[in-house]
Amino acid sequence: MKAFWLRFGWPKWVLLGALGLGLGGAMAWRHFGDHTLWRLLVEAPYQGRCSKVITRAIVEQSLALGTRFMLAHQRPEGNFDYEYDWRERTYSDDDNEVRQAGALWGLALIEQARPSRELEAAIEKGLAFFEGHGVENERGERCVAYPGKAEPGMGTVALMALTYVDYLRANGSAIPAERRAEHERRLDAYLKELIAAINPDGLWFGAYDPHTCAPHGAASPYSDGEALLALVKAVKYAGRIKALPSALRAAEAGHRLNVEAALAADPDSDTMKAYYQWSTMAFYELATSGLPDTARFGDYVLAESDWEIDVHQTLTRERNTGYAYEGLIPAYDWARRRGDTTRTAKYGCVIDLALERLISWQVGGPLSTSYTRAVDANDADAIGGVQNERREPALRIDVTQHQTHALIYARDFIYTQ
């Protein structure tokens, strides 16, 4: 035995042991932990070199499960359960009016991607809930008096406008004429509120009085982006061309204040982080609209997305970043349209790594980990929900909604076959 050790030397055995432990640890992490870390170590996503893990089939399955979760959590009244802990099987008492409106918008987006009678009925029920709490002033401006909210966020109005734009776009011809006319009228009233709520800087007042719809309060980069996207999509898809001057003014004001000024003050600005996906979606819609003098917004899409990857480092964030890919995936499409092969490859790798991680956080999903796989197959309230962290069992409705929207973009722009 002594001769054996002398022949090979103890340093070699220490090295072999360390390599064995390292390999075993890597394999265990790959199976039980976050595969994104493994891929960051062995691939070169920032240089556009990576394997492709995500497929069209994975995207479709995850999208179907996310849809199932959202429908399962619509209450009889039409709004949604805000948060469900799938390990404890308990519901949170928290609520948020903007995220509630966002969940309804999410159903309208899914209706475009995967139309069904069930989705149509759910959207109509959600619209009935919000309109049951709607307020319209003498100027024809409309807002939502969400129960228990003394100062609702302006994003609620923006997301209701987006819901109408995308629902009518998806299913307009199938809606009876009288009901469609009412939906069109409500859309116009929400757009009036958004235009009236633009502040002197060209952005939006952050809140409103739920009794009069009078806007007030400091601007928020979240509602600035949500409102901008609502105006842009109303122009592009609903023919509300009169809103274009307001949309263009807000787009430039938002870029100047929420991007340029924010990043000058802090290179990894929270303001920029909040504004990123909403503004990128809006700038992408403008850049691809064919309207005069809008192609320049494509430069904003790429610059903001470079920041999201390289400065904000979205791939290394520990909480759910599905919202960011609502911006990054359209940026991929814009880079592809521009023939920018370097960015297309880089964005594509970052998106693939991120989606692998995010889908693994979906309870009962196609890439579930040992943690998210340990769900009762009969728990309809859990299946398809998306966690905010790798081992956090709370399933919030907006987290699933944002990730589902990102998957729709991924299906349409990247994983097309």
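**Reading pockets, a helix pair and a buried leucine**

Author: Let's start with a pocket: helix 5, helix 7, helix 9, helix 11 and helix 15 each give at least two residues to the lining of the second largest pocket. Please keep in mind that this is a predicted model.

Reader: Thanks! Which helix gives the most to that lining?

Author: Helix 15 does, with 6 residues. The volume of this second largest pocket is about 260 Å³. It is lined by 17 residues, and those closest to its centre are Gln112, Arg169, Tyr409, Asp412 and Phe413. Sorted by class, the lining holds 7 nonpolar, 3 polar and 7 charged residues.

Reader: And what volume does the largest pocket have?

Author: About 630 Å³. Its lining counts 31 residues, with Arg99, Tyr222, Arg396, Asp398 and His402 closest to the centre. Two or more lining residues come from each of helix 5 (97-113), helix 7 (154-171), helix 9 (221-238), helix 11 (270-287), helix 13 (322-337) and helix 15 (397-413).

Reader: How many nonpolar, polar and charged residues are in the lining of the largest pocket?

Author: There are 8 nonpolar, 15 polar and 8 charged residues.

Reader: Let's move on to helix packing. What describes two packed helices?

Author: The general idea is to give the angle between the two axes, together with the distance between them. Here, take helix 3 (residues 35-42) and helix 14 (residues 341-360): their axes come within 9 Å and cross at roughly 155°. An angle over 145 degrees counts as roughly antiparallel, so helix 3 is roughly antiparallel to helix 14.

Reader: Which residues make the contact between helix 3 and helix 14?

Author: From helix 3 they are His35, Thr36, Arg39 and Leu40, and from helix 14 they are Asp352, Leu353, Glu356 and Arg357. By class, this contact of helix 3 with helix 14 has 2 nonpolar, 2 polar and 4 charged residues.

Reader: Now a single residue, please. Is Leu159 buried or exposed?

Author: The general idea is to look at relative accessible area, where under 20% counts as buried. Leu159 has 2%, so it is buried. You will find Leu159 in helix 7.

Reader: What is Leu159 in contact with, leaving aside neighbours within four places in sequence?

Author: Leu159 is in contact with Val98, Ala101, Gly102, Trp105, Glu226 and Trp278.

Notes. Residues are numbered from 1 along each chain as its sequence is written. This is a predicted model: local features need pLDDT of at least 70, side-chain atom pairs count only at pLDDT 80 or more; totals for chains, interfaces and linings use all residues. Side-chain values use heavy atoms; hydrogens and water are left out. On a 1 Å grid over the protein atoms alone, a cavity is a set of points where a 1.4 Å probe fits but cannot get out, and a pocket is an open set with protein on both sides within 12 Å along at least five of seven lines; lining residues have an atom within 4 Å of a point. Grid points are joined across faces, edges and corners, and a volume is the space filled by probe spheres set on the points. Helices (H or I, at least four residues) and strands (E, at least two) are DSSP runs, numbered from the N terminus. Ala, Val, Leu, Ile, Met, Phe, Trp, Tyr, Cys and Pro count as nonpolar, Asp, Glu, Lys and Arg as charged, and the others, Gly among them, as polar. Axes are lines fitted to C-alpha atoms, for helices over the stretch in contact, and angles run from 0 to 180 degrees between N-to-C directions. Angles under 35 degrees count as roughly parallel, over 145 as roughly antiparallel, 65 to 115 as roughly perpendicular and the rest as oblique. Contact means heavy atoms within 4.5 Å. Buried means under 20% relative accessible area, exposed over 50%, partly exposed in between (1.4 Å probe, protein chains only).
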